[in-house]
Amino acid sequence: MAEAKTLQSYISGKWQSGAERGSALVNPTDGSTVAYASSKGLDLKSALHYSRRVGGAELRKIGYAQRAALLGKIADALAAKRERWYEISRINSGNTKADTGIDVDGSIGTLKYFAKIGAALGDANSLADGAPARLARDANFQGVHIGVPLSGVAVHINAFNFPGWGLWEKAAVSLLSGVPVFAKPATSTCWLAQEMIAAVVDANILPDGSISLLCGSPNDLLDHLQMGDAVAFTGSADTGQQIKQSAGVREHGVRVNIEADSLNAALLGPDVADGSASMNYFVREVVREMTLKAGQKCTAIRRVLVPAEREKATTEAIAAALSQVKVGNPENAEVGMGPVVNAAQRKSVEEGIRTLSKQARVAYQASDFKLVDADAQAGAFVSPTLLQAQDSSDGSIVNELEVFGPVATVVPYKSKEEAFAIARRGGGSLAASVFSEDSAYLAEAAIALGNSHGRVLLVDPSIGDSHTGHGIVLPSLLHGGPGRAGGGEELGGLHGMWFYHQRVAVQGSGPTLAAIVGRAVELPKA
Ligand code: NAP
């Protein structure tokens with residue numbers, strides 16, 4: 001086998017190597033090293049400056065619609081190499097085809113979505129926010145808000161679990177806005193991001209400097225931020241706090257969007273009967289969320305809230321479905337769940353299960369863990385594990401610890417108010433889903449959960465087969481959540497563009513302001 005290569009970074013308009021072999025990227029199915037990544041010695045100060053000076057200027061020579069067209073070309077370039085992305089995702093992330101679909105096809109779909117809706121924005125290079133309004137006795141003295149693209153660079157720091165989608169869902173909105181991208185994927189899975197960016201660079205789609213990539217540790221990246229830059233971060237809450245507290249961010253008032261971890265809940269409504277269609281939809285969704293990407297989705301269901309009188313039946317139904325999931329080598333088409341990303345992650349998940357077990361009993365874990373085409377010693381495999389909280393009042397760990405793997409805990413509730421209160425105890429989450437046949441209860445749940453969640457999915461049987469899933473993020477809807485989830489907002493259609501624009505209040509005479517607003521574009525209402 002050829003020796004694993006060290007991945008280069010693309011900065012200051014050229015591919016550059018770190019000054020060492022660097023950190024190993026592994027194949028979690030067999031533990032072999034597949035590549036290395038190093039950023040040692042790279043001049044990140046100059047690299048950020050190049051993005052701002054060259055990339056920013058070039059991108060803003062053209063307007064929104066032309067930049068939207070570039071996103072369409074990126075989507076086409078990525079679609080042309082789809083098989084390659086599937087291969088890398090399998091090798092470096094242990095992804096099954098279904099897992100990769102979310103990351104790779106999600107990337108292409110998101111780019112195409114922004115290419116399409118961005119095309120309607122025309123040649124403008126600023127956003128209008130309402131019409132000019134009179135400010136004083138003289139009706140001709142008026143004021144208006146507009147949005148002007150940021151002057152700096154958008155640093156996008158991503159988590160290991162979505163090396164493709166995490167890159168492009170951020171880059172699409174930033175590039176459309178006219179702000180150059182400086183992408184920093186998680187080191188452990190940066191190979192996919194690296195080859196995707198290489199494909200886009202080779203296809204010569206983007207103006208020079210408008211996209212850069214750092215493979216390996218962030219080193220002193222944040223020290224060189226300036227006014228007008230922005231940081232969009234996805235990852236753990238701890239790292240998010242470090243980024244917010246970093247000197248570069250604090251001293252220059254750099255805006256930061258944080259997408260952090262989350263204790264998402266699925267609620268089974270009090271009206272749902274054993275064996276009903278709603279119960280089946282609920283069980284299917286919990287199992288899908290636990291096993292897709294081996295539970296390594298920030299939006300995955302971690303807490304399964306069920307009426308106390310349904311706890312036994314629901315737990316048994318979920319356990320029975322989990323026992324049917326084949327775990328092993330994602331290359332085998334029979335396999336429904338692959339490994340977690342590496343041995344360190346497996347250890348962290350195993351420790352998490354032990355900690356949860358202090359307040360919950362293990363209701364399902366494969367006792368006889370037979371892997372398909374894989375070796376349990378070499379690979380980073382974890383059995384899907386369902387826990388059952390003994391009592392809803394006793395579940396502090398369940399409401400505090402995110403175990404980032406194929407793990408969820410059933411928590412019983414005695415009243416609908418108690419269920420909403422438990423969901424809120426996650427401290428702010430990305431997504432909640434509610435399954436019921438009672439539309440009045442679903443509406444009540446949306447309001448009750450709305451101020452502690454970024455997204456609420458309400459499933460009645462009419463959409464049981466057609467909804468997109470508890471954990472699937474759509475480009476047209478907001479992604480983010482309050483509190484522990486980071487307090488950020490991404491996507492949400494064109495509204496995500498505001499993060500990359502400075503909102504400015506402009507005062508002047510009526511005709512002057514009318515001319516400014518005439519050159520800007522009002523975003524369509526969400
Ligand atoms: P992580 O350890 O926090 O790392 C995330 C990213 O931050 C990586 O690119 C990492 O680089 C970088 N980083 C680490 N320390 C940094 C620092 N001091 N300054 C700047 N960058 C730094 O998270 P992870 O293990 O990759 O991902 C798992 C977590 O992400 C889970 O908690 C999950 O819930 C969360 N997540 C949230 C969302 C969401 O949308 N809310 C989505 C996916 C995942 P290196 O890899 O080089 O260390």
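## Where the ligand sits

In this predicted model, the ligand is found in the largest pocket. A pocket here is an open set of points on a 1 Å grid over the protein atoms alone, with protein on both sides within 12 Å along at least five of seven lines. To sit in one, a molecule needs more than half of its atoms within 2 Å of the pocket's grid points.

Two elements each give two or more residues to the shell around the ligand: β11 (230-234) and α7 (237-245). The largest share, three residues, comes from α7. Helices (H or I, at least four residues) and strands (E, at least two) are DSSP runs numbered from the N terminus.

## Who surrounds it

Altogether, 28 residues surround the ligand, each with a heavy atom within 4 Å of it. Among the closest are Thr-187 and His-479.

## Polar contacts

Let's look at some polar contacts, meaning pairs of N or O atoms within 3.5 Å. Glu-402 has a side-chain N or O atom 2.6 Å from an oxygen atom of the ligand. For Ser-236, a polar side-chain atom lies 2.7 Å from a ligand oxygen atom, while Gln-242 places one 3.1 Å from a ligand nitrogen atom.

How much of the ligand does the protein bury? Alone, the ligand exposes 920 Å², and the protein buries 81% of that (Shrake-Rupley method, 1.4 Å probe).

## Reading the model

Residue numbers start from 1 along each chain as its sequence is written. Local features need pLDDT of at least 70, side-chain atom pairs count only at pLDDT 80 or more, totals for chains, interfaces and linings use all residues, and side-chain values use heavy atoms, leaving out hydrogens and water.

Technical notes: A polar contact is a pair of N or O atoms within 3.5 Å; within protein, one must be able to donate a hydrogen and the other to accept it, and residues adjacent in sequence count only if both atoms are side-chain atoms. On a 1 Å grid over the protein atoms alone, a cavity is a set of points where a 1.4 Å probe fits but cannot get out, and a pocket is an open set with protein on both sides within 12 Å along at least five of seven lines; lining residues have an atom within 4 Å of a point.
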